[in-house]
Amino acid sequence: AEDLGIRGQVEFKGAQNQEFVIERLNQSHIFLTSGVTAKDGDQNGPDNTVKEAMAIGLPVVASRSGAIEEAVEDGRTGFVAEERDVEGIAVKLRELILNPQKWPSMTKSARKFVEENYNLEKLNDELVARYQKLLN
């Protein structure tokens, strides 16, 4: 940020608690996340912040890194650009900004995806079923 001369427009908050994250999500219009594969090959999964943004109803733009596509399906539950593709991310953001009529169906699909795949009761039931299978 310093090298780019945008230090006054950018804040790096570091790790934050869930209440802080949800408060910021509720103040937002679009959620952008841009992960990259580390030099050692390490990658992120679809982190909880992405799922929280989708559940709240924010359109999501993400880079194709790690397991992000487990949660964000390009054009249906959000937009995905290639890893390290700044122009591609800008194109996806521009698409959202210029076409707000796409937001309702996209955010509805995203919310439905989260409800169907990350429902705590459903996940707990699946875990119990797996344990029972192992015990039998």
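Predicted model: local features only at pLDDT ≥ 70, side-chain atom pairs only at ≥ 80, totals over all residues.
1. Local features here need pLDDT of at least 70 and side-chain atom pairs count only at pLDDT 80 or more, while totals for chains, interfaces and linings use all residues. Residues are numbered from 1 along each chain as its sequence is written, and side-chain values use heavy atoms, with hydrogens and water left out.

2. Helix α3 covers residues 86-98, where a helix is a DSSP run of H or I of at least four residues and a strand a run of E of at least two, numbered from the N terminus. The end C-alpha atoms of α3 are 18 Å apart, which agrees with the 18 Å that its 13 residues should span at 1.5 Å a residue, the expected span being 1.5 Å times one less than the number of residues.

3. In α3, G88, I89, K92 and L96 are buried, whereas the face turned away from the buried side carries the exposed residues V86, I97 and L98; buried means under 20% relative accessible area, exposed over 50%, and partly exposed in between, with a 1.4 Å probe and protein chains only. The buried residues of α3 pack against β1 (31-33), β2 (60-64), β3 (79-82) and α4 (103-117), contact meaning heavy atoms within 4.5 Å.

4. T107 lies in helix α4 and counts as buried because its relative accessibility is 14%. Leaving aside residues up to four places away in sequence, T107 touches M54, G57, L58 and P59. T107 and I56 are 51 residues apart in sequence, yet 8.5 Å apart in space, C-alpha to C-alpha.

5. Helix α1 (residues 18-26) gives the most to the lining of the largest pocket, with 4 residues; a pocket is an open set of points on a 1 Å grid over the protein atoms alone, where a 1.4 Å probe fits, with protein on both sides within 12 Å along at least five of seven lines, and lining residues have an atom within 4 Å of a point.
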